[in-house]
Amino acid sequence: VRLGTEVTDKFDPLIAKILVSAPTRLEAINKLQSALSITSLQGTKTNLHFLYCLSKMELFLKGEFDTTVIDRRYQCEDAFLPPPGLLIQNGGLYTTVQDWPGRTAKVVPGGEAWRLGIPPSGPMDHLSHRIANQLVGNTPDSATLEFTTIGPTILFTVDTVISICGGEFDKLTVNGVNVRMWETISIKKSDVLVIGTCKGNGARGYLSVSGGIIVPLYLGSRSTFPLAGFGGHQGKPLVRG
């Protein structure tokens, strides 16, 4: 598996293994937990967070772990919670990851990316994108979520700070309470953000999250190019999940 590999439903479910060794079981477990905590797999769902939580269970630490433990969910509830980040409950209309300046013609030697079938990718409204990043303290090139006409519904699984800029949307709430665009918004774990329909000027909005949207760089950019199926998250607009 390499950057850009398409992991389809026909793909072998075993993407990678993490193997550690140490003189004692405790040392090996510490090394395993460290390896799991620093490993980042982006673009598709994996059981990485699940394995990390299991490695911290008391039954596992004592060596009393067996194949029935996973069925006893009450003993490892944290392992079934989503990892810190965003959980899309409704993708809205054409919500994609974009960064600025995006994927330019210079991504290939000679600046001939367009001739090779790689058109420029990036935010349609780069000014709104950059202002949203500035409001949360991000660098201008940090990735945001760009949504078109209809915004997404998002569950946050971590405390963070966000901002929303762009066109005029008729609804913008956090846990049912109205919030405003072009401002910094504090978010707590389990908060639900709902963005409605664009009714005024513009057609696109931008959601910036403190630290940026973390997806792999592809040809020098995190921007999504759905027609070719690369960049962003899985190379396509976001959906529920």
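**View 1. Tryptophan 100 in its loop of the predicted model.** Tryptophan 100 sits in the loop that joins β2 (96-98) to α4. Helices (H or I, at least four residues) and strands (E, at least two) are DSSP runs, numbered from the N terminus. Tryptophan 100 is partly exposed, at a relative accessible area of 29%. Buried means under 20% relative accessible area, exposed over 50%, and partly exposed in between (1.4 Å probe, protein chains only).

**View 2. Surroundings of tryptophan 100.** Leaving aside residues up to four places away in sequence, tryptophan 100 touches Pro123, His126, His129, Arg130, Pro140 and Asp141. Contact means heavy atoms within 4.5 Å. Serine 121 is 21 residues from tryptophan 100 in sequence, and 8.8 Å away in space, C-alpha to C-alpha.

**View 3. The buried residues of α4.** Ser128, His129, Ala132 and Asn133 are the buried residues of α4. They lie on the same side of α4, because their arc around the axis is only 135 degrees. The arc is that of the directions from the helix axis to the C-beta atoms. The buried residues of α4 pack against β2, β3 (144-148), β5 (160-166) and β10 (204-209). Just after α4 comes glycine 137, with a positive phi of about 85 degrees.

**View 4. Confidence along the chain.** The chain has an average pLDDT (the predictor's confidence in each residue, from 0 to 100) of 86, and 90% of the residues score at least 70.

**Notes.** In this predicted model, local features need pLDDT of at least 70, side-chain atom pairs count only at pLDDT 80 or more, and totals for chains, interfaces and linings use all residues. Residues are numbered from 1 along each chain as its sequence is written, and side-chain values use heavy atoms, with hydrogens and water left out.
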